[in-house]
Amino acid sequence: MTYAEYKQKKDEFLSLIPTLNLSEATGSAYKAVLEDFGAYLEQTEGAVDAASLEEWRAEKRKTVKANTVNHYFVLLGRFFDWAGCEQNHAKELGIEVVCYQSNHEGDLVDKIQEAYYKIHLNKYSHGLLNRS
């Protein structure tokens, strides 16, 4: 991932934070870590890869406790999981991938039912198109 791609995904992710039902502290932590890592990438003109992550980690360990740095990596890992979730072959196959997180069971059930409805609606509309 290039710095430009990182910045675009980071901005998109940060705009979604208010909709993710996260605590204010968690949302602030995501923002701080993603902004800090982005500033490091911009300063070093590096790409997002294992080497840049390890260099950033080494820099952080000079000023921050190891447990805190590990927490930063958990947040970065979750961000990269989200950012990469649609970068697989789904687009090539014409499949829409939606990442959704909620602490409310009802919200999750609604999303599953919404996706189920879309799948079946597509199935039947495709069958109708074949008949005509």
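Reply: Axes are lines fitted to C-alpha atoms, for helices over the stretch in contact, and angles between N-to-C directions run from 0 to 180 degrees. The structure is a predicted model, in which local features need pLDDT of at least 70 and side-chain atom pairs count only at pLDDT 80 or more, while totals for chains, interfaces and linings use all residues. Residues are numbered from 1 along each chain as its sequence is written, and side-chain values use heavy atoms, with hydrogens and water left out.

Me: How many helices and strands does the protein chain have?

Reply: Helices (H or I, at least four residues) and strands (E, at least two) are DSSP runs, numbered from the N terminus. Read from that end, the elements run α-α-α-α-α-α. The count for the protein chain is therefore 6 helices and 0 strands.

Me: At what angle do α3 and α4 pack?

Reply: Leu53, Trp56, Arg57, Lys60 and Arg61 in α3 meet Val69, Asn70, Tyr72, Phe73, Leu76 and Phe80 in α4. The axes of α3 and α4 are 10 Å apart. The angle is about 150°.

Me: Which word describes the direction of α3 relative to α4?

Reply: The two helices pack at about 150°. That makes α3, relative to α4, roughly antiparallel (angles under 35 degrees count as roughly parallel, over 145 as roughly antiparallel, 65 to 115 as roughly perpendicular and the rest as oblique). The word for α3 and α4 is thus roughly antiparallel.

Me: How are α1 and α4 placed relative to each other, and at what angle do they cross?

Reply: Tyr6, Lys9, Lys10, Glu12, Phe13 and Leu16 in α1 meet Leu76, Phe79, Phe80, Trp82 and Ala83 in α4. The axes of α1 and α4 come within 11 Å and cross at roughly 100°. That makes α1 roughly perpendicular to α4. The crossing angle is roughly 100°.

Me: At what angle do the axes of α2 and α4 cross?

Reply: Ala29, Tyr30, Val33, Leu34 and Phe37 in α2 meet Tyr72, Leu75, Leu76, Arg78, Phe79 and Phe80 in α4. Their axes come within 10 Å, and α2 and α4 are roughly perpendicular to each other. The angle is roughly 85°.

Me: With which residues is leucine 34 in contact, leaving aside its neighbours within four places in sequence?

Reply: Contact means heavy atoms within 4.5 Å. Leucine 34 is among the residues with the most contacts inside the largest core. Its partners are Tyr6, Lys10, Phe13, Leu14, Leu76 and Phe79.

Me: Is leucine 20 buried or exposed, and what is its relative accessible area?

Reply: Leucine 20 lies in the loop between α1 and α2. Although 82 residues apart in sequence, leucine 20 and serine 102 are 6.0 Å apart in space, C-alpha to C-alpha. Buried means under 20% relative accessible area, exposed over 50%, and partly exposed in between (1.4 Å probe, protein chains only). Leucine 20 is therefore buried, with a value of 13%.

Me: What is the relative accessible area of serine 52?

Reply: Serine 52 lies in helix α3. Not counting residues up to four places away in sequence, serine 52 touches Phe37, Tyr40, Leu41 and Ala47. Serine 52 is buried, with a value of 5%.

Me: What is the relative accessible area of alanine 83?

Reply: Alanine 83 is found in helix α4. Apart from residues up to four places away in sequence, alanine 83 touches Met1 and Lys9. Alanine 83 is buried, and its value is 1%.

Me: What share of the 132 residues in the protein chain is buried?

Reply: Leucine 20, serine 52 and alanine 83 are examples of buried residues. For the 132 residues of the protein chain, the buried share is 24%.

Methods:
A nonpolar core is a set of buried Ala, Val, Leu, Ile, Met, Phe, Trp, Tyr and Cys residues joined through side-chain atoms within 4.5 Å.
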